[in-house]
Amino acid sequence: MTEVVHRIGAGKNATVFEGRTDVGKRVAIKQLNQLVQQDGSKRERIFAAASAWASMECPRLVSYQDLDETRCWIVMNLMRYSAASRIQQGPAAPALRPSSC
């Protein structure tokens, strides 16, 4: 079972936590906020989109590990950097760019 380690940040629809799986893998846990949890149609749309995303495999996408609708969690790979810090670094050298999907 995945457990929460600490809070990373929050947005309009969810709070993101760092978590750890049973085998010790570090993951990100996106927990939908109360307003989204109570809005059935919005909750369904978010989980439908997450399910579609989870079926894709591409080095440019964050991989989803689990969708736990009971706890309103979307569990995904933990990014080792922020998108903002990557943008500030500028474009990657061609040799460092991942292949297209």
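This is a predicted model: local features need pLDDT of at least 70, side-chain atom pairs count only at pLDDT 80 or more; totals for chains, interfaces and linings use all residues.
**How to read this model**

Colleague: Where is the place of E18, in terms of strands, and which residues does E18 touch?

Modeller: Helices (H or I, at least four residues) and strands (E, at least two) are DSSP runs, numbered from the N terminus, and E18 has its place in strand 2, residues 14-20. Contact means heavy atoms within 4.5 Å; leaving aside residues up to four places away in sequence, E18 touches E3, V4, V5, H6, I8, R26, V27 and L78.

Colleague: Which side chain meets that of E18 in a salt bridge?

Modeller: A salt bridge is a side-chain nitrogen of Lys or Arg within 4 Å of a carboxyl oxygen of Asp or Glu, and here the side chain of E18 meets that of R26, at 2.7 Å from N to O. While E18 is buried, R26 is partly exposed, with a relative accessible area of 42%. By this rule the count comes to 2 salt bridges, and D68 and R71 also meet in one, at 2.8 Å from N to O. In that pair D68 counts as buried at 15% relative accessibility, whereas R71 is partly exposed at 26%.

Colleague: In what order do the 5 strands stand in the open sheet?

Modeller: Two strands pair if DSSP finds at least two bridges between them, and in this model the 5 strands form an open sheet in the order 1-2-3-5-4, with antiparallel pairing. The edge strands, each pairing on one side only, are strand 1 (3-10) and strand 4 (64-68). Axes are lines fitted to C-alpha atoms, for helices over the stretch in contact, and angles run from 0 to 180 degrees between N-to-C directions; neighbouring strands of this sheet are turned by 25 degrees against each other on average, direction ignored. Strand 4 is joined by 4 bridges to strand 5 (residues 73-77), and the two run antiparallel, with D68 standing opposite W73 in strand 5.

Colleague: Which strands does helix 2 lie across?

Modeller: Helix 2 (residues 40-54) lies across strand 3 (26-32), strand 4 and strand 5, and runs at about 150 degrees to strand 4.

Colleague: How many residues has the largest nonpolar core?

Modeller: A nonpolar core is a set of buried Ala, Val, Leu, Ile, Met, Phe, Trp, Tyr and Cys residues joined through side-chain atoms within 4.5 Å. In soluble globular proteins, nonpolar side chains tend to be buried together. The largest core here has 11 residues: A14, A28, L32, V36, F47, A50, Y64, C72, I74, M76 and L78. Strand 3, helix 2 and strand 5 are the elements that give two or more residues to this core. Another core, of 5 residues, lies apart from it, and among its members are V27, I29, W73 and V75.

Technical notes
Residues are numbered from 1 along each chain as its sequence is written. Side-chain values use heavy atoms; hydrogens and water are left out. Buried means under 20% relative accessible area, exposed over 50%, partly exposed in between (1.4 Å probe, protein chains only).
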